[in-house]
Amino acid sequence: MPFKVLCYNKGVDIMYVKKLQLINFRNYEELLVEFKKGVNVLVGDNAQGKTNILESIYYCGLAKSHRTNRDKELIKWDSGYSYISLFVKKIRLDKKIDIKIFKEGKKGINVNSIKMQKYQNSLVHLMWLCFHLKI
């Protein structure tokens, strides 16, 4: 892994990203990151994929990127699809969001193995937390 994940935990019981898996997403052929409860900091050199990790989390909440409006740009160059799996944890509110993005322009979103008919629903299930810090 070309970067480090540093964690600060003050014991606050908030929803947090527990695990992120990426396959063929931007510069990642395959990545699995497990986060700790509390504040996690991505540290690394430029162009190592730190922003791509944040973008994939953002994508799980809004079903769109904050960097491009063309989903096919999220797919690694030599692949036909991209896969994001995000596990969000909180007492009685664990959610697993799985997203497949295809070069042909189609995408599929499942929350806890249930196919979402409208992509906006993924935001409701995540109850957005992307940059919420409580220190």
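Rings of Phe, Tyr and Trp (its six-membered ring) pair if their centres lie within 6.5 Å; planes under 30 degrees apart are stacked, over 60 edge-to-face, and the rest tilted. By that rule, a search of the whole structure finds 0 aromatic pairs.

Some ground rules. This is a predicted model, where local features need pLDDT of at least 70 and side-chain atom pairs 80 or more, while totals for chains, interfaces and linings use all residues. Residues are numbered from 1 along each chain as its sequence is written, and side-chain values use heavy atoms, without hydrogens or water.

Now the sheet. Strands are DSSP runs of E, at least two residues; helices are runs of H or I, at least four; both are numbered from the N terminus. Two strands pair if DSSP finds at least two bridges between them. The sheet is open, with 6 strands in the order 3-2-5-6-7-8 and antiparallel pairing. Strand 3 (28-34) and strand 8 (114-115) stand at the edges, each with a single partner strand, so one side of each has no neighbour in the sheet.

Strand 5 (residues 81-89) and strand 6 (residues 95-102) pair over 8 bridges, antiparallel. Ile84 has Ile99 of strand 6 as its bridge partner.

Next, helix 1. Helix 1 packs on the sheet and touches strands 2, 3, 5, 6 and 7; contact means heavy atoms within 4.5 Å. Just after helix 1, Ala63 takes a positive phi of about 60 degrees.

Notes:
Axes fitted to C-alpha atoms, helices over the stretch in contact; angles between N-to-C directions.
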